[in-house]
Amino acid sequence: MALGFAHSGDRPCPCGSGDPLLQCCGPLHRGRLKAETAEQLMRSRYSAYALSEVDYLIATHPDAASAVAERRRELRASCRQTRWHGLKVLASEAGRSDDLEGTVRFEAVFSAGGQRHVLKEHSLFRRRDGEASGPWLYIGPLD
């Protein structure tokens with residue numbers, strides 16, 4: 001999805017950093033930069049959900065069990081039905097630029113079907129292929 005009027009890069013990034021989208025998660029979504037930490041990947045994935053950046057969500061979450069076309073359809077439908085209202089990072093463990101694995105605990109407020117919800121998750125992140133130079137990937141929730 002191209003950044004258009006509705007997703008102007010000078011608006012604050014949805015991840016809650018306070019930085020403009022073009023200086024925060026936007027370059028990650030476009031593939032111009034790689035997330036340096038597990039928390040940065042988690043924040044960029046939250047923003048990707050908020051902005052319907054489906055290809056980025058697929059690229060940063062390996063799922064051999066599902067066909068890419070089916071995942072893309074499901075994510076697009078989910079993005080159309082969900083409005084994200086805010087992200088709060090509660091804790092990060094490891095997941096720094098020189099780590100191979102890390103976790104992030106967060107809360108994300110969203111609305112779907114006319115009701116407001118809070119997603120609470122403790123997420124696991126790993127480097128692709130277990131190499132420090134590999135990109136960070138979202139593996140899944142721990143609890």
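Figure 1. C25 is buried, with a relative accessible area of 2%. The structure shown is a predicted model. C13 also counts as buried, at 5% relative accessibility.

**Figure 2. Close-up of the sulfur atoms of C13 and C25.** A disulfide is a covalent bond between the sulfur atoms of two cysteines. The cysteine sulfur closest to that of C13 belongs to C25, and the distance of 3.5 Å is too far for a bond. A disulfide would require the two sulfur atoms to lie within 2.5 Å. C25 is likewise in no disulfide, the nearest cysteine sulfur being that of C13. Across the whole structure, a search finds zero disulfides.

**Figure 3. Close-up of helix α2, residues 38–51.** The helix has 14 residues. From the first C-alpha of α2 to the last, the helix reaches 20 Å, close to the 20 Å expected at 1.5 Å a residue. After α2 comes S52, which has a positive phi, near 60°.

**Figure 4. Close-up of the buried residues of α2 and the elements that they pack against.** Helix α2 is mostly covered, with ten of its 14 residues buried. Among the buried residues are A38, L41, M42, R43 and L51; the run from S44 through R45, Y46 and S47 to A48 is buried as well. The helices against which the buried residues of α2 pack are α1 (26–29) and α3 (54–59). These buried residues also pack against the strands β1 (82–94), β2 (101–112), β3 (115–127) and β4 (136–141).

Note on methods: Residues are numbered from 1 along each chain as its sequence is written. This is a predicted model: local features need pLDDT of at least 70, side-chain atom pairs count only at pLDDT 80 or more; totals for chains, interfaces and linings use all residues. Side-chain values use heavy atoms; hydrogens and water are left out. Buried means under 20% relative accessible area, exposed over 50%, partly exposed in between (1.4 Å probe, protein chains only). Helices (H or I, at least four residues) and strands (E, at least two) are DSSP runs, numbered from the N terminus. The expected span of a helix is 1.5 Å times one less than its number of residues. Contact means heavy atoms within 4.5 Å.
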